[in-house]
Amino acid sequence: MPLVMPDLRPIAPEIVMTCLALFILVADVFIRRKETLALLSVLGVAVTAFAFALPGVLNTTFGGMFISDGYSMFFKIIFALNVILTVLISVKYLDVEKVNFGEYYALILFATLGMMIMASAGDLIVLYLGLELMALSTYVLAGFIRYDMKSNEAALKYFLLGSFASAFLLYGISLAYGLTGTTDLGRIAMTIEQQGLAGKPALTMSMILIAVAFSFKIAAVPFHMWAPDAYEGAPTSITAFMSVGPKAAGFAVIGRVFLMAFPMVRAEWVTIFIPIAILTMAVGNIVALSQTNIKRMLAYSSIAHAGYALLGIITGTPDGLASMMNYMLIYAFMNMGAFAVIIMLRSEGFKGDTISDYEGLSKTHPLAAALMLVFMFSLTGIPPTAGFMGKFYIFMAAINAGYTWLVIIAVIFSAISAYFYLRIVMYMYMKDPKETVTLTTSPSMGLALAITTVAVLAIGMFPAKVVYLARVAFP
Amino acid sequence: METNGMGFPILSTLIFLPVAGAVLLLLIPRSKEALIKAVALCVSILAFVISLPLFTAFNKATHAMQFVERQAWIPAWNITYFLGLDGISILFVLLSTLVTILSILISWESIKNKIKEFYISILILEGAMIGVFCALDFFLFYIFWEAMLIPMYLLIGVWGGPNRVYAAIKFFLYTLVGSVLMLVGIIVLYFHAGRTFDILDLATRTYPYQMQLWLFWAFFAAFAVKVPMFPVHTWLPDAHTEAPTAGSVILAAVLIKMGAYGFLRFSMPLFPEAARAMTPVMLTLSVIAIIYGAVICLAQTDLKRLIAYSSVSHMGFVTLGIFALNTQGLEGGILQMINHGIVTGALFLSVGVIYDRTHTRQIADYGGVASVMPVYSSLFIVFTLASIGLPSTNGFIGEFLILLGGFTANQLAGVLAATGIIIGAGYMLWLYQRVFFMETNAKVTGLADVNMRELVTLLPMVILVFWIGIYPDTFLGFMHESVRHLIERVNTGGAPGASAIAKTVTEILQ
């Protein structure tokens, strides 16, 4: 068999990203000022983003194992945004936490590389590869504050439960392979159709196992147990990173695997995902009501948001998928923004992560409070913010697919969520400050806040462009 | 883009001028309080001046939308930026611009902390309110409808009374739950009509009767909470009582009108058969609200709470008139919405005037105010009598028309509603007696009478009370054509087969 050189153009962004991550890892040894590494990372990711637009990028390569299409590209844009925003909000924060080490940036880039591979995976093995790369890097990042017990606990919990999920995934993959004799997503679908495998218990089992593994990644109930602890204990910048990136990657693979490999048995996996979605919205929103730690509250909020986004998957229509992608992008902006404000509150000797720390923030720091207000209303889904547009698109797609009852459940939970998001607003605006909170600000933090605020408001008022992008990305 | 005959997009200007004003306030340093107030006042006066040509240029001979603006907004979903006014909505825009000025004036000295945020909230609220009344695209309507919640939530929660946090979240959650159900209804309607949010287009189609019923109730959830109708009225007393004066005034004058406006603009023309079939339910709820609200008023010891409950009663009249489904009832209902905006708005303004001096809302803390503040007392009696509905005041015209329409539609409802007026006279006069007459309370001795600013705030309301009371046709003239068109749609809309079902449902309910 002659060795044919595969077309490398579709995988160019991943290649650039790998080089970048390795470069940062090596440069760390020589560069004393870690801020330089941050700058280099941001620039490097920007260069990678340029690679998205190279001619010939949109293609399939490695014999269908790697698919670079509009769908994966949209997610890669989210990942790039995620990594840039994370680095921007980390710079000063790492200093405050006294863990300003260079491998932080390299790990973030490796995790992002994993996500990019996941989004483009056309084969279950490639998918697994990307997933593990992402997961392993994130485990380390979660425990990055080495001297802090909570951070250690977060990493360990995330790692243990994550390994479980990986095992489930492998088991699911092996069942699928055993049935169809292939790990290629397209060919799995073909074999299911040709050999009439639909309805076979083993196939159903395989789908359930894969669904469980992915539900773990997106922190869907009942596989969410790790999330609150991991989110609370991890460095806040990594909490922000985890709540956007791995979640979006999880959704990317759910959409890809279930719509590409199992379209014939949609009825079956929909019955798996509907209860998961309802439970996720219910538990996420209701448990968030009673949280006193803001990171924990946002962890539950992030669980709840996964529930809404699952509706997009359940519809199984192009509009549904596009609405899910759109939601992930919008969620990235609003959640990053909220975490940026949380990070600002952290200063030397002051944790600033309990909700009562926000008392009277509007009096001491009116601008920070106003920004937080925008993000909280956006997370609630009140127009004219982006959060509303995201939810609206999902609800619209679901109703069009005939899931009106599911949408009614979703909107009720969405209304419930107003209570805990507005509680933050209430603390900031309607209480008097107890102690003076000092904000840790930096130019990069300002930039991150500017990007997220402008995006949340602009997408909220002029969503046409973003909606169009998501819609054409998924053919 | 369509032209509106004004030479410039007047409705967009009205919506976004206050928002631009809010952005301008954002840029003014916090320490320049006088400048902040002055800019806010100027912006609101400018908006009012710009809204005046609507009054004169409006063509009363047609029910068609006027001052129309239309522009593609989100083409992927077929959403347009579509604004326009007809005889039903035009008066509310004028009311909104007027009330905003008065709210700013009345807050001049009483708001002392976070001044900048306060005026920003008021101005954004004004823009959103005007947007609600102008929007002719359902999606756009929903955006304004919800966006309004944010500044109102802050107004109640930040500058309100002791129990403000509870009142603010209650207001927000009640409204939000109702609204999201309407959102589901809107989307269902959108797909059924073939992907359009155009209200005018939607109102010409016929929907299956069963679907009309479901959607009617989905919309009811949003509008009934806002009106508020019995039994979802419980947020109102809290919100009204705890809100700062300006918040109460805007809430009473404009915000709760949006519920009734929603019935007129959406529920009735979109679902005519469901509206007809549900008339008995609506009339019953209205009558309960009228009597229940009035009786509760008798037991109140808090000035603002009493006026808040009187709103429940008065809005019961409004919904009674609307669902009488005849010309008198509908015109009376719309006029009464304006009247209630003026009178209750004025009553809250008046309470604000005295609250600024005494910082108490308890009726028991007052007494003998008439001898201390004579000018104030004479203004207050005008509003009291207008609220009761004395002939030659605006309240009389509205309530008379509603009772006329209500009696025609359902005699029992008409009779029961009339008792509400009698109780109304009871609680309002008793209130006046306890506050202004009797022995002079030590807490009110030596209070200064209304100053120039307060007089200027209250006088426009006095003028309007008598203007509508003596020559209502200035205002009713706007409605005739639109109301006629609406009644035509409600009574003839829908397939003949479906109306037969509607009839049986009506019979069952009766």
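At what angle do helix α9 and helix α12 of chain B pack, and how far apart are their axes? The legends below start there; bear in mind that this is a predicted model.

**Figure 1. Helices α9 and α12 of chain B, packed against each other.** Here's the answer: α9 (residues 209-226) and α12 (residues 257-270) of chain B meet at about 155 degrees, and their axes are 7 Å apart. With angles over 145 degrees counted as roughly antiparallel, that is the label for α9(B) and α12(B). Phenylalanines turn up on both sides: α9(B) brings residues including B:F216, B:F219, B:F220 and B:F223, while α12(B) brings B:F263 and B:F266, among others. Sorted by class, the contact of α9(B) with α12(B) has nine nonpolar, three polar and one charged residues.

**Figure 2. Helices α15 and α17 of chain A, side by side.** From α15(A), the residues making the contact are A:A369, A:M372, A:L373, A:M376, A:L379 and A:T380. α17(A) answers with A:S417, A:A418, A:Y421, A:L422, A:I424, A:V425, A:M428 and A:Y429. By class that comes to 12 nonpolar, two polar and no charged residues.

**Figure 3. Where chain A touches chain B.** The contact between the chains draws 26 residues from chain A and 27 residues from chain B. On the chain A side, the elements giving two or more residues are α16 (386-400), α17 (404-430) and α19 (464-473). The largest share, 12 residues, comes from α17(A). By class, this side of chain A has 21 nonpolar, four polar and one charged residues. As for scores, the model has ipTM 0.90 and pTM 0.91.

Figure 4. A:P463 sits in the loop between α18 (443-461) and α19 of chain A. Is A:P463 buried or exposed? It has 25 C-beta neighbours inside 10 Å, and 20 or more is the mark to reach, so A:P463 counts as buried.

**Figure 5. Helix α16 of chain B and the residue just after it.** α16(B) covers residues 327-358, 32 residues in total. From first C-alpha to last, α16(B) reaches 45 Å, close to the 46 Å expected at 1.5 Å a residue. The helix is mostly covered, with 27 of its 32 residues buried. Just after α16(B) comes B:H359, with a positive phi of about 55 degrees.

**Figure 6. Two cis peptide bonds, A:V221 to A:P222 and B:V227 to B:P228.** In chain A, the bond from A:V221 to A:P222 is cis, with omega near 5 degrees. A:P222 lies in the loop between α8 (201-217) and α9 (226-233) of chain A. In chain B, the cis bond joins B:V227 and B:P228, and omega is about -10 degrees. B:P228 has its place in the loop between α9 and α10 (235-242) of chain B.

**Figure 7. Positive phi at A:F62 and A:K98.** A:F62 isn't a glycine, but its phi is near 50 degrees. You'll find A:F62 in the loop between β1 (60-61) and β2 (66-67) of chain A. A:F62 has 15 C-beta neighbours inside 10 Å and therefore counts as partly exposed. A:K98, another residue that is not a glycine, has a positive phi of about 60 degrees and is found in the loop between α3 (70-97) and α4 (103-120) of chain A. With 11 C-beta neighbours inside 10 Å, A:K98 counts as exposed.

**Figure 8. Confidence along chain B.** The mean pLDDT of chain B is 87, and 95% of its residues reach 70 or more. Residues 495-502 of chain B are another story: pLDDT stays under 50 there, and the model has 10 contacts beyond four places in sequence for that stretch.

Conventions. Residues numbered from 1 in each chain as written. Chains lettered and ligands numbered in written order. Predicted model: local features only at pLDDT ≥ 70, side-chain atom pairs only at ≥ 80, totals over all residues. Axes fitted to C-alpha atoms, helices over the stretch in contact; angles between N-to-C directions. Helix = DSSP H or I, 4+ residues; strand = E, 2+ residues; numbered from the N terminus. Parallel < 35°, antiparallel > 145°, perpendicular 65-115°, else oblique. Contact = placed C-beta atoms within 7 Å. Nonpolar A, V, L, I, M, F, W, Y, C, P; charged D, E, K, R; others polar. Expected span 1.5 Å × (residues − 1). Buried ≥ 20, exposed ≤ 12 C-beta atoms within 10 Å, placed from the backbone. pLDDT = per-residue confidence, 0-100.
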